[in-house]
Amino acid sequence: MVLQASDRSRIDQVIQNLTKNLKEFSEILLNSSESSASSEAKTPSNGSAGAASGTADKTKKKKPERDPNAPKRNLSSYMLYSQSVRPDVVKQHPTVRPVDIAKLIGEKWNALSDKEKQPFVKAAEKEKARFDKETKTYKATLGEPTESTPTKRKAEQPIAEPVSEKKEKKKSKKSSSHEPSSDAKKKHKKK
């Protein structure tokens with residue numbers, strides 16, 4: 001397709017008009033955002049708007065920083081499957097968005113039988129064992145109690161009485177109560 005000189009000049013004129021309009025529009029947007037920001041900074045006369053602006057001043061609570069030495073979480077069987085299949089799916093569908101690729105992988109995973117999922121389930125179990133082992137050694141290096149030494153539960157439990165004292169208490173309760181034994185009650189109900 002060959003453009004004539006009149007067509008080229010018309011295209012240049014349209015492009016110049018568009019750029020001019022775009023610059024004007026961006027200036028309008030900048031001016032309106034500056035004016036709205038300055039009006040929000042002023043104290044409102046009614047109390048309800050002041051409460052709303054007070055909530056905007058609150059800062060978000062920051063998450064505690066993750067220790068770089070901490071072990072990485074274990075991958076699920078689905079994630080292991082996804083890692084193995086994703087390159088093939090991307091090759092088959094090069095123009096598809098990543099979100100849609102994830103959906104395709106999910107559909108494939110749901111279509112698999114339990115027998116076909118088994119290698120990924122076994123790999124996930126190995127991954128879980130690795131994570132548990134690394135977590136245990138990591139906690140040991142920090143000096144924190146591990147699962148084998150639950151300190152809080154031991155402290156919360158009441159001190160156990162010796163066995164002989166427990167038996168004596170049971171005997172004294174039985175002798176002091178005038179009710180018949182549970183076996184006698186059952187026989188009595190059957191009659």
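In what order do the elements of the protein run from the N terminus on? They run α-α-α-α-α-α-α-α. This is a predicted model, where local features need pLDDT of at least 70 and side-chain atom pairs count only at pLDDT 80 or more, while totals for chains, interfaces and linings use all residues. Residues are numbered from 1 along each chain as its sequence is written, and side-chain values use heavy atoms, with hydrogens and water left out.

**Overall make-up**
- The protein has 8 helices and 0 strands. Helices (H or I, at least four residues) and strands (E, at least two) are DSSP runs, numbered from the N terminus.
- Of the 191 residues in the protein, 11% are buried. Buried means under 20% relative accessible area, exposed over 50%, and partly exposed in between (1.4 Å probe, protein chains only).

**Helix 3 and helix 4**
- Helix 3 covers residues 77–92, and helix 4 covers residues 98–111.
- They pack at an angle of about 120°, with their axes 9 Å apart. Axes are lines fitted to C-alpha atoms, for helices over the stretch in contact, and angles run from 0 to 180 degrees between N-to-C directions.
- Helix 3 and helix 4 are therefore oblique to each other. Angles under 35 degrees count as roughly parallel, over 145 as roughly antiparallel, 65 to 115 as roughly perpendicular and the rest as oblique.

**Met79**
- Met79 lies in helix 3.
- Met79 counts as partly exposed because its relative accessibility is 36%.
- Met79 and Ala124 are 45 residues apart in sequence, and 8.9 Å apart in space, C-alpha to C-alpha.

**Ile11**
- Ile11 belongs to helix 1, residues 5–41.
- With a relative accessible area of 40%, Ile11 is partly exposed.
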